[in-house]
Amino acid sequence: MDTSRVLRTTGTVIAAAGLLLSGCTAGGPETLQVAASARGEAGGTPSAQPSPDAAAMRPYYEQKLTWRDCGVPGFQCSTMKAPLDYANPGSGEDVDIAVARRVATGPGKRLGSLVVNPGGPGGSGIGYLQAYAGIGYPAPVRARYDMVSFDPRGVQRSSPVECLTGPEMDKYTQVDQTPDDAAERASLVAAFKEFAAGCQARSKRVLPHVSTVDAARDMDLLRAVLGDKKLNYVGASYGTLLGATYANLFPDRVGRLVLDGAMDPTRAALDLNRDQTAGFETAFTSFAKDCAKQPDCPLGKGSPEQVAARLKDFFRKLDAQPVASGDDSRPLGEALATTGVIAALYDENAWPQLREALASAMNGDGAGLLGLADSYYERGADGKYANLMFANAAVNCLDQPAAFNGPDAVDAALPSFQKASPVFGAGLAWAALNCAYWPVKPTGQAGPLTAKGAAPIVVVGTTRDPATPYKWAQSLAAQLDSGTLLTYDGDGHTAYGRGSDCIDTAINRYLLEGKPPQNGKKC
């Protein structure tokens with residue numbers, strides 16, 4: 001099976017890390033406001049943050065980017081310097097922020113830069129730009145904006161967080177996420193501790209400085225060095241939190257912001273994980289209804305509950321006895337199979353692929369589901385992993401206090417998770433334990449982001465989004481002082497550029513003409 005088809009899974013779920021898991025011109029520095037700190041997939045309450053010294057920040061804001069060929073036709077790359085620690089920008093310690101762009105193609109008057117972020121946290125903005133946004137965004141948008149992205153600090157090309165080797169990650173991704181006894185619980189806790197220890201050993205310097213607030217401040221540096229007075233931005237999934245955090249820090253610098261597949265900054269970690277668990281159940285129900293109508297549905301006919309029961313039974317069998325996958329060191333067990341199914345639930349276009357992979361696995365060939373899991377984890381054919389999961393954990397565990405402080409807390413919450421999703425609840429509850437053992441204390445907490453005084457901000461929500469439940473978009477749009485909600489009644493994660501002419505027309509008009517859709521518009 002060609003597992004490169006369809007999937008765009010850069011909007012990584014919160015639990016992914018566990019499944020592993022004043023006073024200057026607009027172009028210059030200013031004394032930062034009280035910052036909104038934020039968790040990876042959601043979160044962000046006003047939390048007292050030291051204000052960077054304006055004089056020490058001036059060289060960063062006045063730096064010049066030197067553009068070079070990226071090795072990808074049509075794109076240019078550069079490197080931006082940012083202070084490692086915004087509380088002490090004069091220390092001389094920097095991080096490198098990798099940046100890429102595709103210059104506006106014309107015709108029409110250039111509107112400046114449009115910065116895009118695919119989510120995660122941990123998704124490569126440069127990879128997203130080169131593979132999708134820079135060539136796949138609507139032509140009128142690409143004609144008038146320089147398409148720009150960056151790898152946030154800690155991600156891939158930007159002072160990356162590293163934690164485990166490829167073979168160590170292979171082992172980690174196979175750990176049983178639904179422990180049945182004390183020994184399995186101990187193994188899972190040991191895996192989380194080993195993961196955290198690996199991050200500390202390999203990435204001690206950057207781990208305390210990869211929060212969403214840090215990334216948002218980097219984004220203001222980028223706005224300035226690009227020569228833009230205002231930030232124009234499209235963020236998907238976690239990228240909505242990054243964009244909302246930016247708007248809360250710099251409301252007077254907000255240009256045209258689109259937040260697609262929105263996070264709710266007011267939700268604490270436990271609630272976020274439970275909400276998201278319910279989101280995947282909603283997505284699976286849609287898949288199950290469709291599957292039962294298809295002649296090739298390996299889960300049979302009947303109600304979504306009946307289809308779900310068959311999948312859960314299959315997972316139990318894999319827990320007891322994994323099946324061959326074509327990789328002797330990685331047979332398909334319950335953990336990898338669950339990840340493969342979750343990966344395909346991000347996009348309804350992947351449903352046929354999921355049916356095929358499930359049918360094969362049920363017949364003893366787990367290669368298809370393993371390929372889906374590998375796409376989720378960004379594991380290459382050479383056995384090497386991108387640092388998506390490492391950065392994901394580093395940001396999430398820094399941005400907000402952990403959902404659980406130990407296994408007993410997970411036990412107490414299991415009934416509510418299993419109610420949210422009979423199929424995925426237990427695994428996603430245990431996956432949320434990973435931050436309990438993180439070596440760096442969190443710097444933020446949940447709370448509203450208001451961005452008072454900002455220009456209109458468009459928040460997009462999809463009614464059956466698996467990773468970012470629709471109610472999160474409703475909440476974020478209501479929190480933002482200038483938020484306007486745009487709704488897509490459909491399946492899959494995010495809405496822009498996924499086939500709805502109504503959504504695309506509304507967002508294109510906003511980006512090109514500055515006219516946001518009417519609050520509450522539905523497509």
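**Note on the predicted model: backbone, pocket, salt bridges**

1. Gln-156 has a relative accessibility of 27%, so it counts as partly exposed. Buried means under 20% relative accessible area, exposed over 50%, and partly exposed in between, with a 1.4 Å probe and protein chains only. The phi of Gln-156 is near 40°, a positive value in a residue other than glycine. Gln-156 sits in the loop between strand E5 (145-150) and helix H5 (166-172). Helices (H or I, at least four residues) and strands (E, at least two) are DSSP runs, numbered from the N terminus.

2. A word on the basis. The model is predicted: local features need pLDDT of at least 70, side-chain atom pairs count only at pLDDT 80 or more, and totals for chains, interfaces and linings use all residues. Residues are numbered from 1 along each chain as its sequence is written, and side-chain values use heavy atoms, with hydrogens and water left out.

3. Ala-451 also needs a look. Its phi is positive, about 50°, although Ala-451 is not a glycine. Ala-451 is buried, with a relative accessible area of 1%. It belongs to the loop between helix H16 (425-431) and strand E8 (457-464).

4. Check the cis peptide bonds too. One joins Gly-106 and Pro-107, with omega about 0°. Pro-107 is in the loop between strand E3 (94-102) and strand E4 (112-117). Another joins Gly-120 and Pro-121, with omega about -5°. Pro-121 lies in the loop between E4 and helix H3 (125-136).

5. Helix H10 (304-320), helix H11 (334-344), helix H15 (407-420) and H16 each give two or more residues to the lining. H16 gives the most, with five residues.

6. Which classes make up the lining of the largest pocket? It has 12 nonpolar, six polar and six charged residues. Ala, Val, Leu, Ile, Met, Phe, Trp, Tyr, Cys and Pro count as nonpolar, Asp, Glu, Lys and Arg as charged, and the others, Gly among them, as polar.

7. The count of salt bridges is 27. Each is a side-chain nitrogen of Lys or Arg within 4 Å of a carboxyl oxygen of Asp or Glu. Lys-81 and Asp-96 pair at 2.5 Å, N to O. Lys-81 is in strand E2 (residues 76-83) and Asp-96 in E3, 15 residues apart. Lys-81 is partly exposed at 37%, and Asp-96 is partly exposed at 31%.

8. Asp-296 and Arg-355 meet in a salt bridge at 2.8 Å, N to O. Asp-296 lies in the loop between helix H9 (269-291) and H10 and Arg-355 in helix H12 (residues 351-362), so the pair ties together parts 59 residues apart in sequence. Asp-296 is partly exposed at 41%, whereas Arg-355 is buried at 8%.

9. Arg-509 and Glu-513 form a salt bridge at 3.5 Å, N to O. They are four residues apart in helix H18 (residues 501-513), so about one helical turn separates them. Elsewhere, Arg-185, Asp-408 and Asp-411 are linked in a network of salt bridges.
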